[in-house]
Amino acid sequence: MDVYLNGGRARLSDVDLLGEGGEARVYRFGDQAVKLFHKPSPEKSRKLAAFPKNLPAEVVAPTALVHDQQGGVIGYTMPAVLGHEELARLTSRKWREGAVSNTALLELFGKLGNLLTRLHVAGVVAGDLNDGNVLFDRGIALIDADSMQFANLPCV
C-alpha cells in the first residue's frame, strides 16, 4: 500500500505490521509507526490537526499526518515504541514473577498516575485507557493518543 507522509511516498506492507485494532492498523516505517485508519473521517482529521503540542514526553503523540493519493488524511505518524511490554502482560503471574517485582509494579503505577495528572493539567483526558494502551519498560509510554479527549474534541 502506498501512502504519503513527510513530503514523499512510502510503501507499507503486512511485513511492516506492528498491530491491528478495531479502528486502525499500525505499521513500522523506519523509526516511526504509521497508524492507518480503517475508515478515515473528517472529524478524526480535524482532531489530529488540533492535537495539543504541550503533552508529556511519555505520550506517543501524532507527529505528522498521512495522506492517500488524493490528499485525504488516512492516518498519522508517531515515534515507534520498541522494547516495551503492554501493561496486560502483568496479568500473567507466570510472566510477572521474576520479571517485575512488587516494588517495580508500584513504581510503574505511580508513574502512570503522575502521567495522568500531568495530562489532566494540560486539559487532556485519556478516555481509552486500557492495558493495551500503556506500555512499560523502565518507564512508561501511553499509546493510542489520537483517542484522547481535549478542547471540544471528545474521545468517542
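Ala126, Asp128, Leu129, Asn133, Leu142, Ile143, Asp144, Ser147 and Met148 line the largest cavity, where a cavity is a set of points on a 1 Å grid over the protein atoms alone at which a 1.4 Å probe fits but cannot get out, and lining residues have an atom within 4 Å of a point. The model is a predicted one, with local features needing pLDDT of at least 70 and side-chain atom pairs counting only at pLDDT 80 or more, while totals for chains, interfaces and linings use all residues. Residues are numbered from 1 along each chain as its sequence is written, and side-chain values use heavy atoms, with hydrogens and water left out.

The volume of this cavity comes to about 40 Å³, a volume being the space filled by probe spheres set on the points. Searching the whole structure turns up one cavity of 30 Å³ or more.

One of the lining residues, Ile143, sits in the loop between β11 (140-142) and β12; strands here are DSSP runs of E, at least two residues, and helices are runs of H or I, at least four. Ile143 is partly exposed, at 24% relative accessible area (buried is under 20%, exposed over 50%, partly exposed in between, with a 1.4 Å probe and protein chains only). Leaving aside residues up to four places away in sequence, Ile143 touches Val60, Gly132, Asn133 and Leu135, contact meaning heavy atoms within 4.5 Å.

Then there is helix α1 (residues 42-49), whose buried residues are Lys44, Ser45, Lys47 and Leu48. Those buried residues fall within an arc of 165° seen down the axis of α1, so they line one face of the helix; the arc is that of the directions from the helix axis to the C-beta atoms. Pro42, Arg46 and Ala49 are exposed on the other side of α1. The cover over the buried residues of α1 includes β5 (32-37), β6 (64-67), β7 (73-79) and β12 (149-150).

Terms used
1 Å grid on protein atoms, 1.4 Å probe; cavity = no way out; pocket = protein on both sides within 12 Å on 5 of 7 lines; lining within 4 Å.
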